[in-house]
Protein chains: 2
Amino acid sequence: MAEYVLPLSRLIESFRKLPGIGGKTAARLAFAVLNMSEEDAAQFAEAILESKTNIHTCPVCCNLSLDGLCPICADVERDGSMICVVETPKDVLAFERVREYRGVYHVLGGVLSPINGISPEQLHIKELFSRLEDDTVKEILIATNPTVEGEATASYLARILKPFGVKLSRLAYGLPVGSDLEYTDEVTLHRAIEGRRPMN
Amino acid sequence: MAEYVLPLSRLIESFRKLPGIGGKTAARLAFAVLNMSEEDAAQFAEAILESKTNIHTCPVCCNLSLDGLCPICADVERDGSMICVVETPKDVLAFERVREYRGVYHVLGGVLSPINGISPEQLHIKELFSRLEDDTVKEILIATNPTVEGEATASYLARILKPFGVKLSRLAYGLPVGSDLEYTDEVTLHRAIEGRRPMN
């Protein structure tokens with residue numbers, strides 16, 4: 001036996017296909033599965049299959065959806081005149097946790113990244129265009145991450161969305177609440193000064 | 001939608017049950033599964049079920065086995081008079097990689113650890129005893145890890161195995177090959193001095 005028994009080798013291989021999981025971690029996780037209860041293991045396998053089979057993207061906003069419209073697009077109480085453009089479904093969740101935003105979303109599915117070969121065609125940009133065909137949408141809040149790639153994507157979107165004549169906005173930059181000026185990086189502080197707001 | 005769609009939440013929960021996987025990592029891995037090909041996901045799920053259903057422990061050495069004896073116990077070319085006692089199936093693999101050892105193994109399934117509630121009854125010790133009933137076994141090499149718990153387990157085993165009159169041995173301590181004296185910890189160096197060998 002120069003290798004693990006076959007089903008275990010296969011399981012290790014499957015774990016290794018996940019991002020950030022190397023050979024040793026994969027083996028550790030596979031052994032953990034062996035030590036799981038029968039029930040937990042069955043649930044794990046079922047959750048994989050079910051996620052893969054039952055989760056689709058919403059035809060309107062490209063967020064995750066079980067079938068047809070996602071719960072947010074289907075909710076008539078949400079304000080359809082405001083679209084918040086985010087990178088991933090996780091970002092939608094971050095916004096929803098704030099409980100402040102009542103508009104709808106559009107999930108790009110990533111950011112422009114020439115190095116990784118991600119061009120505009122690979123993002124859900126044409127789906128965003130088709131939402132602008134009637135005059136429902138009044139404002140688009142571009143909420144890509146404050147990273148180099150997120151910024152580039154935001155600039156690109158602002159440029160191609162301009163002809164549609166909707167109001168475009170970007171999340172404010174500045175000091176994170178509870179942070180310390182002493183430890184704030186120069187770029188953030190610069191942005192906070194630029195974006196200073198009048199006090200009454 | 002205050003939470004992820006249901007199948008995804010379940011998948012995240014399953015990943016969280018694995019050791020060392022927290023909430024954020026679990027979410028990252030679950031999204032990676034969503035982005036896998038249908039085929040990879042199906043293989044992943046199958047590998048979990050197959051590992052859980054088809055992998056048993058060898059009735060003799062308690063190593064992993066598909067059914068009946070494990071390949072090593074079944075191999076008539078292996079020297080049944082020498083048993084190497086290890087903690088886990090991973091340790092068997094480490095020994096097999098050396099290609100030097102021709103004896104057989106005994107997998108304890110862990111180490112004694114009063115803090116974690118692991119007592120001798122939870123380890124495969126009575127299975128080891130039953131291998132000593134006839135006079136086949138001449139030597140037992142105790143190869144638990146050189147940790148506090150591994151040492152305690154080795155001492156315990158040495159004590160209870162003594163009455164059987166077999167030769168007992170322990171792996172040598174010393175400097176790892178390719179290491180640097182300057183960076184060797186005191187305990188290891190002390191053991192290397194104690195275990196010094198005559199040169200010709």
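Modeller: Before we start, two strands count as paired here if DSSP finds at least two bridges between them. Helices (H or I, at least four residues) and strands (E, at least two) are DSSP runs, numbered from the N terminus. This is a predicted model, in which local features need pLDDT of at least 70, side-chain atom pairs count only at pLDDT 80 or more, and totals for chains, interfaces and linings use all residues. Residues are numbered from 1 along each chain as its sequence is written, chains are lettered from A and ligands numbered from 1 in the order in which they are written, and side-chain values use heavy atoms, leaving out hydrogens and water.

Colleague: Thanks! How many bridges join β5(A) to β6(A)?

Modeller: Strand β5 of chain A covers residues 139-142 and runs parallel to β6(A). One of the bridge pairs is A:Ile140 with A:Leu168 in β6(A). The number of bridges joining β5(A) to β6(A) is 4.

Colleague: Which strands of chain A stand at the edges of the sheet?

Modeller: The open sheet has 4 strands, paired in parallel in the order β4-β3-β5-β6. A strand with a single partner has one side left without a neighbour in the sheet, so the edge strands of chain A are β4 (103-107) and β6 (167-170).

Colleague: And which strands does helix α7 of chain A touch?

Modeller: Contact means heavy atoms within 4.5 Å. Helix α7 (residues 148-161) packs on the sheet, its direction making about 170 degrees with that of β6(A). By that contact rule, α7 touches β3, β5 and β6 of chain A.

Colleague: By a turn of how many degrees can chain B be laid on chain A?

Modeller: The copies are superposed by least squares on C-alpha atoms of residues with pLDDT of at least 70 in both. The RMSD is 0.2 Å, with a shift of 0.1 Å along the axis. That is the relation of a two-fold axis, and the turn is 180 degrees.

Colleague: At what angle do α3(A) and α1(B) pack?

Modeller: Axes are lines fitted to C-alpha atoms, for helices over the stretch in contact, and angles run from 0 to 180 degrees between N-to-C directions. Helix α3 (residues 38-54) of chain A and helix α1 (residues 6-16) of chain B have axes 8 Å apart. Among the residues that meet are A:Phe44 and B:Leu11. The packing angle is about 145 degrees.

Colleague: Last one: which side chain meets B:Lys17 in a salt bridge?

Modeller: A salt bridge is a side-chain nitrogen of Lys or Arg within 4 Å of a carboxyl oxygen of Asp or Glu. B:Lys17 lies in the loop between α1 and α2 (23-35) of chain B, and its partner sits in helix α3 of chain A. At 3.2 Å, N to O, that partner is A:Asp40.
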